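Thanks for making time. I have a few minutes and one structure to walk through. Let me put it on the screen.

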Amino acid sequence: MSSQVRGVIAPAKGAPVEVTTVVVPDPGPGEAVVRVQACGVCHTDLHYREGGISDSFPFLLGHEAAGIVEQVGEQVSDVPVGDFVVLNWRAVCGDCRACRRGRPWYCFNTHNAGQPMTLADGTPLSPALGIGAFAECTLVHAGQCTKVDPAARPAAVGLLGCGVMAGLGAALNTGGVQRGDSVAVIGCGGVGNGAIAGAALGGARRIIAVDIDARKLDWARGFGATHVVDASTADPITAIRELTDGFGADLVIDAVGRPETWRQAFYARDLAGTVVLVGVPTPDMRLDLPLLDVFGRGGALKSSWYGDCLPSRDFPMLTDLYLQGRLDLDSFVTEEISLDGIEAAFDKMHAGEVLRSVVVA
């Protein structure tokens, strides 16, 4: 048995996305079918379309999603039919060396659905990040479903499935923001503003937003930035130092992921401070840095994978903070669109006109 639904695919490298019929099989053991209520348009989906992640075309795009569990397969007990869930792309296995050492957020053997979704002619689809949620329904591993409070707005909490969680986690989990810290965030798109919101939640005393786009700096103020730096007119390293009594920030988060922004983060931190890289570099990027500076400045140089989150722990907690009015996820949603509007949403993303376009059912 299977069902046919509308979905959005990237048919070939660089080609415009297409709305087409997707065949979703009934769930097998350990799997679930989720009716998608909302899915954010993330930059990672654009990377898939452009062939920047792999060449396993056609891709079923979309991964930053929330919806209702519609069917479950055998051996599934944690997510009954009817649960409101946020989907995650790191369903922990519980048995790899990271999980056994009590660090499941580093799980090296995450689960995805075993069966493929296909086109109507039987061509198998590669789901983006193992999810493929630009569709009316999608097939995932049950461990990719995290139950949250159904009172939450799907378009808002679905963003915890990727970009916003990556930013929040870079500050709270990887960076370990503490009360009274100074934090600088370079790059104020969806991930960067998530990091700013996370720094505010963690009690940072001073939060410095850095970008070259005045519109993004305005957004950053709304998420908790106490100071902003326009990097098109000022040197970020000098500006961050001036705003931190000449020392540099305790934590600097690079949400861009380029050699020049990482270098800025490295030199804009205080002695023994922390740099967190959460922006994703491309394979061709290289870094040249004096090793003596790495030694002499001390501290920690970290990368943040998915905000080092544990979905079962973090998604329900952050959803509760949202419902309590302590975490403004609604402001990340710039517009709500249909499946037919995804190609235009990529253009708006590239132009920096939106934080998130969100496909809603």
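Let's start with methionine 117. It sits in the loop between helix H2 (97-100) and strand E7 (118-119). One caution before I go on: this is a predicted model.

Is methionine 117 buried or exposed? Its relative accessible area is 4%. The cut-off for buried is under 20%, so methionine 117 counts as buried. Now look along the chain to valine 140, 23 residues away from methionine 117. The C-alpha atoms of these two are separated by 9.9 Å.

Serine 304 lies between strand E16 (300-303) and helix H10 (311-323). Serine 304 is buried as well, because its relative accessible area is 7% and the limit is under 20%.

What does the side chain of serine 304 make a polar contact with? The partner is the side chain of threonine 174, at 2.7 Å. Leave aside residues up to four places away in sequence, and serine 304 touches Ala166, Gly169, Ala170, Thr174, Val276, Leu277 and Val278.

That brings us to helix H4, which covers residues 163-174. Two packed helices are described by the angle between their axes and the distance between the axes. I'll take two pairs.

First pair: H4 with H5, residues 190-201. The packing angle is about 40°, and the axes are 7 Å apart. H4 and H5 are therefore oblique to each other. The crossing of H4 past H5 is right-handed.

Who meets whom here? From H4 we have Gly163, Val164, Ala166, Gly167, Leu168, Ala171 and Leu172. Facing them in H5 are Gly190, Val191, Gly194, Ala195, Ala197, Gly198, Ala199 and Leu201. By type, the residues of this H4 and H5 contact split into 10 nonpolar, five polar and no charged.

On the H4 side, the contact uses Met165, Leu168 and Asn173. On the H10 side, it uses Arg313, Asp314, Phe315 and Leu318. The residues of the H4 and H10 contact divide into four nonpolar, one polar and two charged.

Over to you for discussion.

Note on methods: Residues numbered from 1 in each chain as written. Predicted model: local features only at pLDDT ≥ 70, side-chain atom pairs only at ≥ 80, totals over all residues. Heavy atoms only, no water. Axes fitted to C-alpha atoms, helices over the stretch in contact; angles between N-to-C directions. Helix = DSSP H or I, 4+ residues; strand = E, 2+ residues; numbered from the N terminus. Parallel < 35°, antiparallel > 145°, perpendicular 65-115°, else oblique. Left-handed = near helix turned anticlockwise from the far one by under 90°. Contact = heavy atoms within 4.5 Å. Nonpolar A, V, L, I, M, F, W, Y, C, P; charged D, E, K, R; others polar. Buried < 20%, exposed > 50% of the residue type's maximum accessible area, 1.4 Å probe, protein only. Polar contact = N/O pair within 3.5 Å; in protein donor to acceptor, adjacent residues only side chain to side chain.
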